[in-house]
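Open the model in your viewer and keep the sequence panel beside it. The tour below goes selection by selection.

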Amino acid sequence: MSFQLVLFGGTGDLAWRKILPSLFQAYRHKTLPVDARIIGVAREQMSNEAFRTLIGERLQNVEGEKRPQSAEFKEFAKQLYYQACDLNNALDYDALKQKLEEHPAPLRIMYLATAPHLFTTVCEHLGACGLNTENTRIVLEKPLGQNLKTNREINATVKNFFSEKQIFRIDHYLGKPSVQNLFALRFGNSFFEPLLRRDTVSNIQIILSEQIGIGTRGAFYEQTGALRDMIQNHALQLLCAIAMEPPINAHADAIRDEKLKVLRSLKPWSAESLRNNIVRGQYSAGLVAGEAVKGYTQESGVAPASQTETFVALKTELNNWRWAGVPFYLRTGKRMAEHDARIVINFRATPHPIFRTPLGTANQLVIHLQPKDGMALHLFAQGQAPAQPASEAPPNSTLVQGSPQVAVPLGSLVGSPSPLGPMLSPVQLDLDFDKRFGSDRVGAYERLLLDAIAGRLNLFVRSDEQEAAWAWVEPILLDWETEDAPLYPYASGTRGPSQSNVMIASSGHHWDED
Ligand code: BG6
């Protein structure tokens, strides 16, 4: 279907880093209707031609094969237009309306890639000049507010002008192929689902590590921090995806109803759990991938005595029948040792061991979100590898019959024959979805844009989900406003402050690192 997409914040970072490259990919994949018009909106005066040139230059920063060749960009650019607009000026909205009416299309999409404090202003103006018609959809970027109160205010204003089915709240993690695969894994296969529950699972870890710092977003990040930027939305949406009950069908509300139940069952914070189960940190200078980088407080736009966190690790639980008592550990940080996002399901040890297994290991299902997109199932098997020569065994140890690669301390064999069978070897079933399905699959933003165009709400967040997520993080935000909530420094290029290891170890677990 042909459409007009109005991109508020049309010259901003998000527009040229994510949205326009994704629209370009849709053009390449021939899923962008040739008569669709994309209208960039920003404050400065500019011609259509100047906007096309600007975007063309910016898109040269896109990495690898996704970077447009000049001939194909020239074709794509014919669909780009520009309209200057001061977002506080009613007359500018009239001019925008006139521009849209010159080339009517059956569908209009208003994409708000602006600072969130402008969302209500834009919606009010769109309403006032009659640009909130029934054939209009509105796409709202995160973060939607700074806390529960501001989130409610934004949602209430938007709902004055648009109905819930017209509102597309983005959490781009839901658009990632790996996250959609998670739904497929759980609800399109019969054998994983019965295992995902308290009887079989020891703990679940959601680890979102980035090597990048805050780049040019100092001013934004100072107001945001890792809890609002990554935990309140991305990490909690992943938690929902792994912990929710099977929805009754694949309709948006069936899925969102189940996610909402998870968010509402998050264990409320107490003074004790706020102190013991959360660690916040801030990166200092260090080495990331061999490169020296500065500390957070030396970044531009950041206050020298900033108390903003760039790292959060926390432990929570779900107060429901399926998951009661199973710890969920969430960890995210910038300037970490590696770029890695994964969900790790650690299963319980066998109830009655008759084999030996390497100390501290158990079955694991790892869902790799990025940079690798895949899944690994860690099992134990009786290996047939050649025996380790006796000369290589450490002193004070012997080789166990049938357990070729493991030397067992002599003391542990006293009183043999042992009731335990041979030592098993860890083995891995490893699926690489990039290899299987190709790495040029539809990316997160492209997927979400195509869904917004098609009116599919499945991968967008409903207002009640957002509120439940804000309600849960609010006590943490309030606690951090007090003087006695510690903020631990960590060197860039590490895995965050050591207190996060202490926190998880106090429950008898450890972070999955490999
Ligand atoms: C955004 C955050 O929502 O997600 C950024 O604002 C973060 O700070 C980004 O870097 C991470 O997304 P991705 O897709 O690169 O993991």
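How far from an oxygen atom of the ligand does a polar side-chain atom of Lys-142 lie? Select both: the distance is 2.7 Å. Keep in mind that this is a predicted model.

Lys-176 places a polar side-chain atom 2.5 Å from an oxygen atom of the ligand. For Lys-334, the corresponding distance from a polar side-chain atom to a ligand oxygen atom is 2.8 Å. The ligand on its own has 390 Å² of accessible area, and the protein covers 82% of that.

Now show the whole shell. Around the ligand you will find Lys-142, His-172, Tyr-173, Lys-176, Glu-210 and Ile-212, together with Arg-217, Asp-229, Met-230, His-234, Lys-334 and Gln-370. Coloured by class, this shell has six charged, three polar and three nonpolar residues. Which helix gives the largest share of the shell? That is H8, with three residues.

To see where the helices meet, show side chains for Leu-236, Gln-237, Leu-239, Cys-240 and Ala-243 on H8, and for Lys-259, Val-262 and Leu-263 on H9. By class, this contact has six nonpolar residues, one polar and one charged.

Return to Lys-142 and look at the backbone. A cis peptide bond joins Lys-142 to Pro-143, with omega about 0°. Pro-143 sits in the loop between strand S5 (136-140) and helix H6 (148-161). Lys-142 is also one of the residues around the ligand.

Gln-370, another member of the ligand shell, is the next stop. What kind of peptide bond joins Gln-370 and Pro-371? A cis bond, again with omega about 0°. Pro-371 lies in the loop between strand S14 (364-370) and strand S15 (374-381).

Lys-30 is not a glycine, yet has a positive phi of about 60°. Its place is in the loop that runs between helix H1 (13-28) and strand S2 (37-42).

How values were computed
Residues numbered from 1 in each chain as written. Predicted model: local features only at pLDDT ≥ 70, side-chain atom pairs only at ≥ 80, totals over all residues. Heavy atoms only, no water. Contact = heavy atoms within 4.5 Å. Helix = DSSP H or I, 4+ residues; strand = E, 2+ residues; numbered from the N terminus. Nonpolar A, V, L, I, M, F, W, Y, C, P; charged D, E, K, R; others polar. Near = heavy atom within 4 Å. Polar contact = N/O pair within 3.5 Å; in protein donor to acceptor, adjacent residues only side chain to side chain. Areas by Shrake-Rupley, 256 points an atom, 1.4 Å probe, with all protein chains shown as cover.
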